[in-house]
Each structure stands twice: as C-alpha cells, then as structure tokens.
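Hi,

Here is the structure I said I would pass on. Have a look at it first, and then read my notes below.

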Amino acid sequence: MSTPQNSYPKPMSHNANAAPCILVVEDDEHIAQVLKFMLERQGYQATLCADGATARSHIASQPAAALVLLDVMLPHVDGFELVGLIRRNEDWRDTPIIMLTAKNMETDIVRALDAGASDYIAKPFQPNELLARIRRHVRPR
C-alpha cells in the first residue's frame, strides 16, 4: 500500500527553546522516516518534505531550519534548484545544506558545491558519518 508523496506529518512549530530543527527533503518515505528517527534520537527536530514543491513552499513560508538535508532527484523541483532558492532567500541564506543523494558523479558533486551546498554525502550513507557531518554545522540542545 502506498501513500501520497506529500502526506508526511506537518512541520512542528519553531521556537527558541526547541531542539534545532533539520529540514529533510527526501522523496523516499522509508529513507525519510529513518532520517527522522536518527535525528530525533540525537536531540534534533526533523521536518520532512516529500518533494521539491513542498520544500519550496516550506522555505518560502517558514523560519529557517538549523540545517537542510537535501536529496537531488526530487519530484517537481530538484535539489540543485532548491539550493539556489535557499541561498537567495535572506532568512535561509546562511543555513547549512548537506546534499544526501544517490548521484555520486564528480560533476554532480561539483555542481552542488558550486551552487552553495555545504557538504555532499552519497547514498547509501553511513549513519554515524552523516550525524558527525551534521554536528559540524549544528549542535543539538
């Protein structure tokens, strides 16, 4: 049984005393839920967006996340376009972006980093490596 791509739970509200919120933009629901579980166990909040259009709306209407985990290959709006959108948005401009994607060709990595991504991890990823890279950019409360 499949669920609609943008049926993930609604984002939790952001406040100054809350754990740092990480925006996870991932169209594979299983991977998104694994990432959410991992992040929450480490003391972060996780907001999930299942496609590029949902992420674009979230970025335009919500306070900046502490960090963005971003897939490249997404329905509607790809990750490269979202990197540009984040870097052009005054509120989100300085938000660290870690690309987490199956696209592991050098040209894809260079394109993402040149567009403004802070880091790049190829899938399949090692959970402890991903968490270490996240800690380089943001600490849980």
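This is a predicted model: local features need pLDDT of at least 70, side-chain atom pairs count only at pLDDT 80 or more; totals for chains, interfaces and linings use all residues.

Strand S1 (residues 21-25) and strand S3 (residues 67-70) run parallel and are joined by 4 bridges. They belong to an open sheet of 5 strands, paired in parallel, and if you walk across it you meet S2-S1-S3-S4-S5 in that order. At the edges sit strand S2 (45-49) and strand S5 (119-122), each with pairing on one side only.

Helix H2 (residues 52-61) lies across S1 and S2, and its direction is at about 130° to S2. H3 also packs on the sheet: it touches S1, S3 and strand S4 (97-101), and makes an angle of about 175° with the direction of S4.

The helices touch each other as well. The axes of H2 and H3 come within 11 Å and cross at roughly 5°, so H2 counts as roughly parallel to H3. On the H2 side, the contact comes from Gly-52, Ala-55, Arg-56 and Ile-59, and on the H3 side from Glu-81, Leu-82, Leu-85 and Ile-86. Sorted by class, that contact has 5 nonpolar residues, 1 polar and 2 charged.

Helix H3 (residues 79-88) and helix H4 (residues 106-115) have axes that come within 9 Å and cross at roughly 15°. These two are therefore roughly parallel to each other too, and the crossing is right-handed. Here H3 brings Phe-80, Val-83 and Arg-87, while H4 brings Asp-108, Arg-111, Ala-112 and Ala-115. The classes for this contact are 4 nonpolar, no polar and 3 charged residues.

Last, the charged pairs. Searching the whole structure turns up 7 salt bridges. One to look at is between the side chains of Glu-26 and Lys-123, at 2.6 Å from N to O. This pair ties together distant parts of the chain, 97 residues apart: Glu-26 is in the loop between S1 and helix H1 (29-41), and Lys-123 is in the loop between S5 and helix H5 (127-137).

Cheers

Note on methods:
Residues are numbered from 1 along each chain as its sequence is written. Side-chain values use heavy atoms; hydrogens and water are left out. Axes are lines fitted to C-alpha atoms, for helices over the stretch in contact, and angles run from 0 to 180 degrees between N-to-C directions. Angles under 35 degrees count as roughly parallel, over 145 as roughly antiparallel, 65 to 115 as roughly perpendicular and the rest as oblique. A crossing is left-handed if the near helix is turned anticlockwise from the far one by less than a right angle, and right-handed if clockwise. Contact means heavy atoms within 4.5 Å. Ala, Val, Leu, Ile, Met, Phe, Trp, Tyr, Cys and Pro count as nonpolar, Asp, Glu, Lys and Arg as charged, and the others, Gly among them, as polar. Two strands pair if DSSP finds at least two bridges between them. A salt bridge is a side-chain nitrogen of Lys or Arg within 4 Å of a carboxyl oxygen of Asp or Glu.
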